[in-house]
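Hi everyone, thanks for making the time this morning. Let me bring the model up on the screen, and then we can walk through it together.

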Amino acid sequence: MALKIPKIIGHRGACGYAPENTIESILTAAEMGVEWVELDVMLTRDNVPVIFHDDTLDRTTNGFGNIADTTWADLQQLEAGSWFGESFAGAKIPSLEDALDVIIQKNLGLNLEIKPTPGREKETAEVALDVLSRIWDDHSRLLISSFQLVSLETAQEMAPDWYRGLLLWHDDLPPNWADIADYLDVVSVNISQQLATREMVEDIIDMEKAVMVYTVNDAQEARKLRGWGVDTVFTDVPDVIREAMFHVH
Ligand code: G3P
Ligand code: MG
């Protein structure tokens, strides 16, 4: 079953329009006609996989401190929407399972980014893949990605046939990234916009891997990248990028 890679992926749902990594953000992306969403998964203190980006609760909730020190029961008391806008007051941090239910119901594809807090690289992948293996059927519409090599290695061991993507960031680019991509047998290399030079894009295409670029919110930039052969862009504003790339209103 080949990976049905989309041209546009909604970043943390559609986080330009709704609080990132919430059910509201997934639903907003679905309403915009997005085919896939990207979500970050990490673990609570008691090992519940939740959809969340930062190591700490401070920026996007009314709580504070490390998510890795907080139990699922305590997380559920928090509110994760008001920081973005009063109309989202009451939004919650979803569990991975809650998010998957909505994604499946809305018939979306998923790029799940394994985003472990430091030291939990292996267990975060293990727990997330465990939940996915119970719930997710269509592997043509699932990509597991991570910046963390241990997390990708764990995914490779647990589910060798599931599609994996290697995330690269401009501030911390391993010089041997191409060897790592080969060794982990990833189908895609997911690079930051700052890394997306024409040469880098061509290098990845030469490796016969898909090129995915995050986070592209500018229409002109999206058109340029597409012209270079980039397969997919992650965006906070799917409607803007969709119109730029396909002239769809
Ligand atoms: O997966 C693409 C992108 O989400 C990676 O960076 O920090 O937004 O999770 P970040
Ligand atoms: Mg992410």
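Let's start with a question: which side chain meets that of K224 in a salt bridge? The partner is E221, at 3.3 Å from N to O. By salt bridge I mean a side-chain nitrogen of Lys or Arg within 4 Å of a carboxyl oxygen of Asp or Glu.

Before going on, some housekeeping. This is a predicted model, where local features need pLDDT of at least 70 and side-chain atom pairs count only at pLDDT 80 or more, while totals for chains, interfaces and linings use all residues. Residues are numbered from 1 along each chain as its sequence is written, chains are lettered from A and ligands numbered from 1 in the order in which they are written, and side-chain values use heavy atoms, with hydrogens and water left out.

K115 pairs with E113, the closest N and O atoms being 2.8 Å apart. K115 is buried at 15% relative accessibility, and E113 is buried too, at 4%. Here buried means under 20% relative accessible area, exposed over 50%, and partly exposed in between, using a 1.4 Å probe and protein chains only. D54 and R59 form another salt bridge, with 2.8 Å between the closest N and O atoms. In that pair D54 is buried at 15%, whereas R59 is partly exposed at 38%.

For H11 the distance is 2.8 Å, and for D40 it is 3.2 Å. Taken alone, ligand 1 exposes 290 Å², and the protein buries 90% of that.

Key
Polar contact = N/O pair within 3.5 Å; in protein donor to acceptor, adjacent residues only side chain to side chain. Areas by Shrake-Rupley, 256 points an atom, 1.4 Å probe, with all protein chains shown as cover.
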